[in-house]
Amino acid sequence: MQRWLLPGLLIGALAFLAPSTVAQRVTPATGVIHAADVDLGYEVYGQSTSETPVIAVNGGPGLSHKYMIQNDVWERLAQRRQIVFYDQRGTGASKHIQPGASQSMDAQVGDLEAVRAHFGFQRVDLVGDSYGGFLAMAYASAHPERVHKLILSDSPSPAFKDMVHLLPQVFPDIEEEDAAVQKQMGDTDEAAQKQLLNHFRMIFYSEDLMHTYLAQIGDIGYVPSVGAAVGEAAAKIDMTAELPKFHFPTLIITGRYDMNVAPLTAWRMYKAIPGAKLEIFARSGHLPSYEEPAKYVNVVNAFLSGR
């Protein structure tokens with residue numbers, strides 16, 4: 001099982017959930033976009049404002065966006081702008097898909113473009129989390145005229161082969177548990193779900209926040225077959241040569257202790273994209289928006305609202 005997302009590639013956001021936060025959670029507007037070979041489920045936070053709308057692209061692959069909305073970070077960010085989440089084809093609320101439909105990167109980019117077109121956004125700010133950063137880079141390469149600003153949050157490199165992934169070196173005990181699960185259960189969905197939970201155990205800086213997150217997350221909608229198909233397709237792509245062509249403002253975010261996608265990956269993208277900004281979260285692993293939510297909101301707001 002290839003994991004680095006949030007889950008890893010499985011492979012990509014969110015805050016400590018105090019009781020008062022739970023009581024104030026906002027119910028987003030929901031709907032479905034009827035694309036060529038899939039119905040894409042979406043959620044919308046906030047109202048249209050003078051700020052550029054945001055499309056948030058989650059990680060995985062093979063996950064719904066649920067893992068990104070375990071606190072009120074996005075609700076706070078949506079106080080200034082409209083934010084759209086959608087589930088990638090074959091996951092979450094987007095499981096109504098034609099048999100044999102492609103899971104290629106072109107298909108994934110096409111779905112993201114369908115979301116933009118559905119809302120009539122002329123240009124968007126893209127926030128790609130974990131694997132979602134890879135998909136956001138692919139979209140930006142195909143449709144640069146539609147991208148106003150780009151945020152890559154603990155994103156993999158533009159070529160999977162260049163990603164610095166340190167979980168096996170840092171967590172040999174949990175990796176051994178994964179191997180035992182694989183040996184006992186084989187290539188089954190049940191095994192993949194157990195390995196996914198193990199993956200989450202390795203991507204936090206704070207052990208306390210890790211336990212809080214896992215206690216509240218529930219079913220995050222992981223579809224192993226989708227994750228495998230998308231991961232296989234993405235592994236064939238190398239967008240390294242595209243990054244110097246990104247002439248829109250770009251912010252690279254990384255957790256200092258992200259062993260899933262080590263900070264060297266973010267550093268290399270920061271150096272490759274003209275004028276890019278880099279923000280390192282000193283007390284975070286793979287999910288800075290969960291481990292340092294106040295800073296995440298401040299950094300993202302400042303970047304998106306800056307002129």
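Helix axes here are lines fitted to C-alpha atoms over the stretch in contact, and their angles run from 0 to 180 degrees between N-to-C directions. With that in hand, let us walk through this predicted model, in which local features need pLDDT of at least 70, side-chain atom pairs count only at pLDDT 80 or more, and totals for chains, interfaces and linings use all residues. Residues are numbered from 1 along each chain as its sequence is written, and side-chain values use heavy atoms, with hydrogens and water left out.

Helices (H or I, at least four residues) and strands (E, at least two) are DSSP runs numbered from the N terminus. The axes of helix 7 (residues 189-201) and helix 8 (residues 207-217) come within 10 Å and cross at roughly 150°. Angles over 145 degrees count as roughly antiparallel, and helix 7 and helix 8 are therefore roughly antiparallel to each other. Where they meet, Leu 197, Phe 200 and Arg 201 of helix 7 face Met 210, Tyr 213 and Leu 214 of helix 8 in contact (heavy atoms within 4.5 Å).

Next comes the nonpolar core, a set of buried Ala, Val, Leu, Ile, Met, Phe, Trp, Tyr and Cys residues joined through side-chain atoms within 4.5 Å. The largest one has 41 residues, and those touching the most other members are Ile 55, Tyr 86, Met 105, Leu 126, Leu 150, Leu 152 and Phe 246. Helix 4 (residues 131-142) gives the most to this core, with 8 residues. Apart from this core lies another, of 37 residues, including Met 68, Ile 69, Ile 220 and Val 297.

What relative accessibility does Thr 254 have? The value is 2%, so Thr 254 counts as buried. Beyond its neighbours within four places in sequence, Thr 254 is in contact with residues including Asp 154, Val 261, Leu 278 and Pro 288.

Key: Buried means under 20% relative accessible area, exposed over 50%, partly exposed in between (1.4 Å probe, protein chains only). Angles under 35 degrees count as roughly parallel, over 145 as roughly antiparallel, 65 to 115 as roughly perpendicular and the rest as oblique.
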